Each structure stands twice: as structure tokens, then as C-alpha cells.
Amino acid sequence: MRKAVRYNSMLQKESTAVDNRRFAINSPTVIGEAIDGEVMVINLVSGIYYNLTGTAAAAWPMLAAGIPLGAIAAALSQACNADAAVVTCDLAGFVASLEAEDIVRATAYATAPAALPAIAPATYAGFAFNRYDDMRALLVVDPVHEVGDFGWPPKPDPPSTPR
Amino acid sequence: MIETARARGELRDLVAAMELAAQERPIITRRYRIAGMPVALHCGSAGGAQEMLRAIEPLAAPYDATPAVLSLYVWDGRGDGIVLPESSVLRRDDAPEEGLGGYAGDTLRAFYQPVAGALSLLDTANGRATWWLRDVAAAPYYERAAPFKHVLQWWIADRGGAMLHSAAVGIDGSGRLIAGPSGSGKSSTALACVDAGFAFASDDYVLIDATHPPHAHLAYATAKVVRSSLARHAHHKSHFRNLAMDDEKPMLFVHDLAPERIGSPLALRAIVLPVVAHRAATLLTPIHPAEMLRALAPSSVLLFPLAGDAAFRRMADLCRELPCFRAELADDPDDVAAALRGLLADSSSLAARAAE
């Protein structure tokens with residue numbers, strides 16, 4: 001099942017203090033790959049996967065590098081010619097959501113060279129990602145990755161002893 | 001991934017037990033070429049281990065004297081009389097409640113499937129591996145269809161490749177990777193292409209190497225279809241092995257029906273995402289690499305513990321490198337095969353449209 005998540009507080013402009021928190025990808029549980037202007041993220045334990053688009057995809061490599069949120073927000077607001085306070089607020093909500101999904105975790109240090117990557121100019125439309133949980137059935141204890149005509153088979157009862 | 005000091009110790013104990021078995025038990029060694037590389041399979045000869053090798057029969061290379069880069073011991077625990085030592089790896093003490101819970105320690109990889117009763121072990125440092133089945137006679141049919149797939153995934157990922165949950169077929173050495181989740185039409189498309197004269201590399205699991213262009217290699221000569229589509233495959237009825245087993249997907253070995261169309265690597269030229277659409281004519285539409293990766297990666301990554309990151313990168317490379325298409329399938333298998341046959345000629349122009 002797909003669930004779309006979007007953080008776009010265009011109408012809630014607030015004065016926000018510089019946010020110096022840093023985050024890191026929750027590896028090795030979480031893996032991510034940028035492709036074609038999107039980022040695909042897979043949680044290997046939960047089986048949930050995500051695709052990040054637009055500004056969220058642009059933010060991903062900076063988040064992964066442990067760049068402070070304030071610097072990420074500044075870079076994105078400049079690239080998108082958007083209100084810095086709005087971007088800061090949206091980014092905080094977006095990152096909180098990633099943290100709640102165990103995709104990122106707080107860290108004290110940068111995890112990669114801290115230079116900001118070049119960001120292609122774009123129209124700001126908030127931070128959006130899609131969450132998919134249709135593959136969770138693969139992650140049963142004994143992966144019976146066979147489907148019958150009507151979907152996943154029921155998980156059989158395990159034997160009483162592994163031998 | 002589970003990597004703890006205790007796990008490392010327990011993994012070493014398991015490896016030691018398997019090494020002892022290899023010294024003490026009678027074995028029969030067979031040689032194969034898997035993904036073009038020399039592999040030795042050492043099967044316990046007192047049990048039914050050799051019965052599990054039917055799916056890789058076309059890869060046999062009995063006269064290959066090249067030193068094997070992978071030595072895999074295959075045991076029938078019951079028939080060969082091999083009992084595994086007590087181990088937290090087998091009890092899955094540290095495994096997550098969800099998730100496959102493979103164990104890693106230094107160069108060792110291990111994954112235990114309690115229901116199938118299958119232990120996969122690989123030491124990437126020396127290329128020695130074990131696939132132990134609790135009882136071959138009771139092994140699930142899907143393990144016969146794709147034996148020791150976790151060992152092969154770790155092994156190929158260690159060489160920059162990946163085992164993908166995909167089909168692959170080709171013409172004149174030029175391959176098409178057919179991606180998509182179970183039930184999306186991969187097997188039916190692959191069998192339609194075999195019937196039309198294509199070479200066969202996979203209907204479910206395929207090995208992709210690290211070359212450019214990437215090559216698809218046969219991992220298993222198995223083809224499985226959903227029971228509701230059997231009428232479409234009635235001409236292969238005599239080759240299906242398990243029609244009497246209502247809870248199993250009907251399965252055949254492609255080398256039984258088309259041995260000449262198996263075994264050669266295929267240089268991949270396109271990735272196709274089939275969609276069962278019941279159209280009068282198959283419609284091919286370019287799609288973006290990100291959409292293809294969403295179709296290709298989740299099941300390929302999540303099916304295999306301990307190889308996700310490397311395999312994911314290889315899949316992303318494939319989607320960037322190759323033109324990607326959605327195929328809305330016709331009901332007529334000849335039309336499906338003709339569409340994929342024509343894909344190579346049209347792929348350049350279609351790919352250009354995809355980039356627009």
C-alpha cells in the first residue's frame with residue numbers, strides 16, 4: 001500500500017532559529033540510492049520502502065552527509081528562491097518523519113565531507129515522499145517468497161526444533 | 001544484518017562443524033560454471049543432496065579443471081547424518097522480530113530458514129560455502145527450484161554483481177531483463193519467449209555480473225507458473241513436475257523442453273516491466289529509471305539478507321544504464337514474444353522518448 005507524505009507549510013511562515021542538528025542514515029538497516037532526480041530508500045528490517053522526490057530528494061545527500069539542518073534549509077531556500085523560514089519549518093517536519101520511520105538518526109558529527117552539493121534550481125513545493133509497505137510479507141522468518149493465485153501463502157508453523 | 005561478537009564466535013563454530021563433516025563424510029564432487037566462473041559442488045553421497053541440483057544441470061562442466069573459485073558443500077542433514085551444533089544462529093536469538101536476520105561476522109555470512117530447514121554459510125575469504133538441508137525428502141519445492149540462492153547472492157555480490165528477482169531472455173546474445181513482483185507476468189513472458197525461440201536465462205532469479213554492458217547468467221533452469229495460467233502452457237504439460245501438488249506452483253525445467261536455448265550469457269540491452277493488461281497487442285512504453293528501480297529493487301533486495309546494499313547499487317546502475325519499458329501484455333504469447341523481439345531495434349528511439 002502506498003501512502004504519500006508531504007510537508008509544505010507555505011501558509012505558516014514562522015521565524016525559526018538556526019537548526020544545528022545533524023542526522024545520519026540509519027545504516028546498515030537503511031539503504032538509499034539516488035536515481036533520476038529521486039531517491040529510493042529501503043528499510044531492510046521492516047520491508048518498508050520509500051521514494052523521495054523534489055526538494056526531499058535534493059535534501060537527502062546533505063542529510064546523509066550530516067550537514068546541519070540549518071545549512072540544508074539555507075541551501076534549499078536559495079536554490080528554490082523560497083522563504084527560508086518556511087523551508088526550515090518544512091525540513092524539520094520532514095526530518096522528524098524520517099526519524100520516526102527509523103530512516104535517519106541524530107548524530108553529533110558530519111559523516112562525509114561537509115561541502116554543500118550543487119542544487120539544481122527548482123520551484124519549491126515542500127518535502128514529499130511516498131511510503132510503500134506492500135513488500136512486508138517477504139520478511140517472514142522463513143521467506144516463502146512464492147505466491148499462489150490469490151496472493152501470499154500463509155506462513156507455516158515452524159518445527160519445534162531447528163534440527 | 002546481525003553482527004555481534006557472540007555471532008562471530010557461533011559462526012566460526014558452525015563453520016568448524018561443517019569442515020569436520022566435509023572431512024568425515026563421503027562426498028561426490030561435481031563441477032559447474034556459474035556466471036562463467038568455475039564452481040565445485042561437493043554433495044554428501046549418503047543422502048539426497050544430489051537430488052537438489054536438477055535446476056542447475058545445464059551449468060554442469062564435468063571436464064573443467066580450472067581451480068574452483070567457489071567450493072560449495074551440499075548436505076542432506078538426515079540422509080548424510082549431519083546434526084548441526086547448538087547455536088544462537090540457528091535459534092535466531094539475535095534476529096529481529098521482523099526482517100530476515102542474516103548473521104555476519106568478518107568474512108562469514110550465514111542465514112538460517114527454520115521452516116525450510118536450510119542453513120546457508122559462505123566465507124568470502126576462501127570461497128568455501130555450505131548449504132545444509134535438514135531433510136532433502138521434506139525440502140520445499142521452491143528450494144528445489146532455486147537451491148542455495150543465498151550463497152549465490154552473497155558470492156556474486158562480493159564480485160560486484162547481484163542476483164535479481166527477475167526473468168531474462170534473449171535473441172542472438174542480446175538480452176532483456178524482465179522485472180516485477182511475483183504474479184506480474186515474468187514467468188509467462190519468459191516462457192512465451194522460449195516458445196518463440198529466445199534463449200532463456202531465468203524466469204525468477206537471475207545472476208547479473210559486474211561487466212558493462214551487464215550480462216545476465218542462468219542461475220536456475222526452472223520455470224514456474226501460476227496454476228490459473230496452466231491452460232496457456234498446456235503444450236508443456238508433460239514437462240511440469242508437480243502438477244499433482246495442489247499447494248505448489250507448477251514447475252518445469254526449461255532444459256527438458258529447449259536444451260539448446262540455455263546456458264549462454266546474455267548482454268542486457270533493455271529492462272521490461274510486464275503488466276498483465278489483456279490487450280489485443282502488447283504495448284511498450286518507455287518509463288523512467290526511478291520507476292523501474294521501484295519495481296525491480298524491493299523484492300530483489302528484501303529476499304536476500306546481507307547483500308542488500310551492494311545488490312541495490314548494482315540494480316540502480318542497471319536502471320541508469322539500460323532503457324526501461326513498461327510492457328502492457330497481450331493475451332497472445334506470440335504477440336508478447338514479437339514485441340520483445342522488436343524491442344532491440346526500437347529501443348534507441350523509445351529510450352530517447354523516455355528521456356524527454
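D317(B) counts as partly exposed, at 32% relative accessibility, where partly exposed lies between buried, under 20% relative accessible area, and exposed, over 50%, with a 1.4 Å probe and protein chains only. Please keep in mind that this is a predicted model, in which local features need pLDDT of at least 70 and side-chain atom pairs count only at pLDDT 80 or more, while totals for chains, interfaces and linings use all residues. Side-chain values use heavy atoms, with hydrogens and water left out, residues are numbered from 1 along each chain as its sequence is written, and chains are lettered from A and ligands numbered from 1 in the order in which they are written.

The side chain of D317(B) meets that of R320(B) in a salt bridge at 3.0 Å, N to O, the term meaning a side-chain nitrogen of Lys or Arg within 4 Å of a carboxyl oxygen of Asp or Glu. Both residues lie in helix α9 of chain B, three residues apart, about one turn of the helix; helices here are DSSP runs (H or I, at least four residues) and strands likewise (E, at least two), numbered from the N terminus.

Which residue of chain A does R320(B) meet in a salt bridge? The partner is E33(A), at 3.0 Å, N to O, and this pair crosses between chains, from strand β3 (residues 30-35) of chain A to helix α9 (residues 308-321) of chain B. E33(A) is buried, at 12% relative accessible area, whereas R320(B) is partly exposed, at 39%.

Turning to another pair, D256(B) and R54(B) form a salt bridge at 2.9 Å, N to O, and they link distant parts of the chain, 202 residues apart.
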